[in-house]
Amino acid sequence: MLNVTVWYEYTQESGYLKRELVRPDISEEDFQNFSRYTEENCRKIHEVYPDGLMAPLIRTLEEDPEIHVTYTTLYDPCFGLPDELLEHTDVLVWWAHISHDAVPDELARKVTERIYKGMGFVALHSAHKSKPFMQVLGASGTLRWREKDFCRIWNTAPSHPIAQGLPEYIELEEEEMYGEVFDIPKPDDVVFMSWYRGGELFRSGCTWNRGYGKIFYFQPGHETSPSYHNPLVRKIICNAIRWAAPSMWRQSLDCPNVVESPESRHRQ
Ligand code: ZN
């Protein structure tokens, strides 16, 4: 089984903003404005995703007999990632937006170290500013941003495993605009490139290797856009999870007798 952990920030969906879950230097006025925005956003999220933003993806993963999925949030014990869960995670999926700073530096460091040792990491949408993403890539993750727009996501690497079964492009009637310049290290592959009606371009599906681990960033997933209801968007995420699986798991599928891990080879 491939152990997949979906870590979801949940702050906006909870509708209740705690002061300790946003930037520590935020003013009282900004905090009150942010709180009202969170309450309003919560209502909008549930209009689009009555069962929660992550529900369509979780349901899809649960249908895969080779995947064991654990759903966890920032509000769960140990900020959703106790050591034992992290240690047994093969691929970590991360969605976060307004509470990046509430994730302890120590936890971000542990996630980064797990990636170096072979854990796959799939960063979704606004996770471009999450601590683990910025730390493991050594970049700010900043980008251009605008309200929702029509989006065409071009498949720019059709032979890549993450693009398998995908058409030439997919279209989303509305998705938040993320545009260049996207401050990331040069990707190993740009698997998807998005074009918006406003004219912007964005490297919306990128891969990297760090240590023994594989990383994929994928842009769709704004909390009030229905992108995760789109089966092709979910297919890309599922393809990415399988691509990012540690090599030991893939070997065990091809040849059940091969149990040597990259780590054990390295120690010899
Ligand atoms: Zn967004």
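Visitor: Which conventions apply to the numbering, to pLDDT and to side-chain values?

Guide: Residues are numbered from 1 along each chain as its sequence is written, and side-chain values use heavy atoms, with hydrogens and water left out. As the model is predicted, local features need pLDDT of at least 70 and side-chain atom pairs count only at pLDDT 80 or more, while totals for chains, interfaces and linings use all residues.

Visitor: What is the order of the strands in the open sheet?

Guide: Helices (H or I, at least four residues) and strands (E, at least two) are DSSP runs, numbered from the N terminus. Two strands pair if DSSP finds at least two bridges between them. The open sheet has 9 strands with mixed pairing, in the order β2-β1-β3-β4-β9-β8-β7-β5-β6.

Visitor: Which are the edge strands, each pairing on one side only?

Guide: The twist averages 25 degrees from one strand to the next, where axes are lines fitted to C-alpha atoms, for helices over the stretch in contact, and angles run from 0 to 180 degrees between N-to-C directions. Pairing on one side only marks the edge strands, β2 (67–73) and β6 (169–179).

Visitor: Which residue in β7 is the bridge partner of Trp154?

Guide: Strand β5 (residues 144–155) runs antiparallel to strand β7 (residues 189–196), and 5 bridges join them. Ile153 stands opposite Ser194 in β7. For Trp154, the bridge partner in β7 is Met193.

Visitor: Which residue takes a positive phi in the hairpin of β7 and β8?

Guide: β7 and β8 pair in the antiparallel sense over 5 bridges, and Val190 has Cys206 in β8 as its bridge partner. The hairpin has 4 residues between the strands, and the positive phi, near 105 degrees, belongs to Gly199.

Visitor: Are α3 and α7 parallel or oblique to each other?

Guide: The axes of α3 and helix α7 (residues 231–244) come within 10 Å and cross at roughly 55 degrees. Angles under 35 degrees count as roughly parallel, over 145 as roughly antiparallel, 65 to 115 as roughly perpendicular and the rest as oblique. The two helices, α3 and α7, are therefore oblique.

Visitor: How many residues of the contact of α3 with α7 are nonpolar?

Guide: With contact meaning heavy atoms within 4.5 Å, Pro56, Leu57, Thr60 and Leu61 in α3 meet Arg234, Ile237, Cys238 and Ile241 in α7. Ala, Val, Leu, Ile, Met, Phe, Trp, Tyr, Cys and Pro count as nonpolar, Asp, Glu, Lys and Arg as charged, and the others, Gly among them, as polar. The contact holds 1 charged residue, 1 polar residue and, as nonpolar ones, 6.

Visitor: What spacing do the donors of the zinc ion follow along the chain?

Guide: Donors are N, O and S atoms within 2.8 Å of the metal (3.2 Å for Na, K and Ca), and water is not among the atoms, so sites may look incomplete. The protein donors are His125 (NE2), Glu176 (OE) and His222 (ND1), at 2.0 to 2.1 Å from the zinc ion. Along the chain, the spacing of the donors is H-x50-E-x45-H.

Visitor: How many residues apart in sequence are the parts that Glu176 and His222 tie together?

Guide: Glu176 lies in strand β6, whereas His222 lies in the loop between β9 and α7. The pair therefore ties together parts whose separation in sequence is 46 residues.

Visitor: What is omega for the cis peptide bond from Glu180 to Val181?

Guide: Val181 has its place in the loop between β6 and β7. The peptide bond from Glu180 to Val181 is cis, and its omega is near 20 degrees.
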